[in-house]
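Dear colleague,

Please find below the structure that I am handing over to you. My notes on what was found in it follow directly after.

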Amino acid sequence: MGSKQIAQETFDDAVQENITEFEMDPEEAVREAVQQFESQGVDLSNIVKAVRQPASENGQKQKHEILLTLDSLGRAVADSDLAEMAEQLVVFTDQCKEQLAFRYLAGQNGAYSVVFSACQLASGDRNLMLKAFYTLSAILDGQPDLLDSAGQDLLLHTLKEYRDDAEMTLAGIRCIRHACLKHEQNRQDFVKGGVLPLLTGAIVQHGDSADVVRTASSTLRVMTFDDDIRVPFGHAHDHAKMIVLENDGLRVLIEAAKAFTDNSSVLSELCATLSRLSVRNEFCQEIVDLGGLNFMVALLADCIDHPDVVKQVLSAIRAVAGNDDVKDAIVNAGGTDLIVLAISHHLANPQICEQGCAALCMLALRKPENCNVIMEGGGALAALQAMKAHPREVAVQKQACMLIRNLVSRSRDFSQPILEMGAENLITEARATHRDCDDVAKAALRDLGCKVELRELWTGQKGSLAQ
């Protein structure tokens with residue numbers, strides 16, 4: 001993707017020039033403009049790649065279709081024409097959902113203030129409020145900066161006022177989720193405003209609604225993200241602790257899982273959130289005590305053919321295995337065999353290979369007894385097969401090397417069997433290919449009893465031999 005940016009106006013002018021100067025038809029003119037800018041390294045992800053529509057009124061400049069709809073919505077809001085507003089909200093929402101470029105263009109032309117005014121105007125009319133909140137969610141998707149403090153207050157107030165209404169609750173939570181992705185300040189503001197008990201409360205209150213449980217769980221997880229590159233230090237860890245200690249988050253999520261034993265998408269979402277909350281030793285143990293491990297293992301067994309679910313469960317098992325006592329519980333529940341099966345079954349999937357090797361790596365750490373189980377279950381062979389299948393995936397290579405090292409560091413009897421599987425060549429290749437693998441690969445080779453050659457780099461300066 002290119003790193004240069006241009007304005008929508010610049011692109012539109014280029015398209016128009018292709019039509020008028022070079023007599024291209026509209027589709028050809030757009031294609032030519034796209035090719036021209038991309039060849040110059042321009043990022044067009046936020047650009048509407050279409051010809052502007054004729055304006056609805058004489059004398060107005062041509063506009064893109066979404067801006068014409070925004071104009072119609074703005075007039076309906078200004079005139080307090082609720083029937084027309086309802087109609088335009090639906091049209092505008094559909095257009096926003098088509099692609100980010102449409103939302104971005106609308107956002108750059110005052111869409112947020114129009115939609116916020118529509119939400120205020122709809123107050124008291126539930127059906128109209130739903131439409132307005134659907135639109136607000138659509139415009140915030142990928143554009144969290146648009147939300148202001150008045151919008152935050154409106155969303156929090158609505159969640160409180162309509163806490164018994166599943167559909168309104170869902171609409172409000174979707175808005176909050178979009179507003180908090182990649183936006184640390186919005187996350188902190190919402191947490192200070194009391195959003196966490198509203199989210200856990202929604203899961204309890206609407207525990208029979210798959211959409212509410214899935215979306216509220218996902219939004220809780222977003223509160224633990226550290227994905228805003230503009231902020232050096234976020235509050236991800238603090239938010240995770242608040243969810244668990246102040247809002248009984250682990251119990252809420254695990255209890256919610258009991259209502260959806262046959263719904264893999266909800267269970268996968270709950271697993272993903274539990275893994276983000278496993279930030280303390282005692283939290284990992286609490287997940288096991290509440291029955292969370294049992295549902296994870298059962299989910300992995302039941303959904304072994306579904307890669308998205310498998311990836312989330314492996315990630316959750318990896319997270320809770322940070323607790324040494326939980327390691328044993330996972331092994332005793334048959335978790336190691338299922339993890340090895342998942343890697344073998346999805347050997348072509350690098351993310352599953354990475355998470356599977358990482359989970360086994362955690363189970364083997366400081367646990368010689370677990371290493372025996374992993375070896376007997378084919379864990380070392382599965383890891384080496386993953387390395388062979390994904391030589392260019394540094395994360396897979398790194399986790400597999402760490403697993404091999406953990407298996408032999410306290411159980412040297414495993415070294416020869418692992419070497420006979422071809423480990424030395426694979427680990428040496430990983431070290432040569434990936435700089436980030438150097439330390440872990442070197443440690444694995446050393447603990448396997450292999451001779452480790454220190455790589456030296458002559459920098460050209462006297463006394464500058466660098467390993």
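**Findings in the predicted model**

The protein chain contains 27 helices and 2 strands. Please keep in mind that this is a predicted model. Along the principal axes, the C-alpha atoms of the chain fill a box of roughly 85 × 60 × 45 Å. Of the 467 residues in the chain, 49% are buried.

One stretch carries an annotation.

I then turned to the charged side chains. The count of salt bridges comes to 22. In one of them, Arg187 pairs with Asp227, and the closest N and O atoms are 2.9 Å apart. This pair links distant parts of the chain, 40 residues apart: Arg187 sits in helix H10 (residues 184–192), while Asp227 belongs to the loop between helix H12 (210–222) and helix H13 (236–246). How accessible are the two partners, Arg187 and Asp227? Arg187 counts as buried because its relative accessibility is 0%, and the cut-off for buried is under 20%. Asp227, with a relative accessible area of 22%, is partly exposed.

A second salt bridge joins the side chains of Glu269 and Arg221, at 2.5 Å from N to O. Glu269 lies in helix H15 (residues 264–277) and Arg221 in helix H12, so this pair ties together parts that are 48 residues apart in sequence. Both Glu269 and Arg221 are buried.

A further salt bridge is formed by Arg251 and Asp248, whose closest N and O atoms are 3.4 Å apart. Here Arg251 is partly exposed at 41% relative accessibility, and Asp248 is partly exposed as well, with a relative accessible area of 33%. Elsewhere, salt bridges that share partners connect Arg405, Arg412, Arg446 and Asp447 into one network.

Which residues form the negative surface patch? The patch is made up of Asp25, Glu27, Glu28 and Glu32. Among these, Glu27 is located in helix H2 (residues 26–39). Glu27 counts as exposed because its relative accessibility is 60%, and exposed means over 50%.

With kind regards

Notes. Residues numbered from 1 in each chain as written. Predicted model: local features only at pLDDT ≥ 70, side-chain atom pairs only at ≥ 80, totals over all residues. Heavy atoms only, no water. Patch = residues over 30% accessible without salt bridge, like charges linked within 9 Å, V, L, I, M, F, W, Y side chains within 5 Å. Areas by Shrake-Rupley, 256 points an atom, 1.4 Å probe, with all protein chains shown as cover. Salt bridge = Lys/Arg side-chain N within 4 Å of Asp/Glu carboxyl O. Lys, Arg positive; Asp, Glu negative; His and termini not counted. Charge placed at Lys NZ, Arg CZ, Asp CG, Glu CD. Helix = DSSP H or I, 4+ residues; strand = E, 2+ residues; numbered from the N terminus. Buried < 20%, exposed > 50% of the residue type's maximum accessible area, 1.4 Å probe, protein only.
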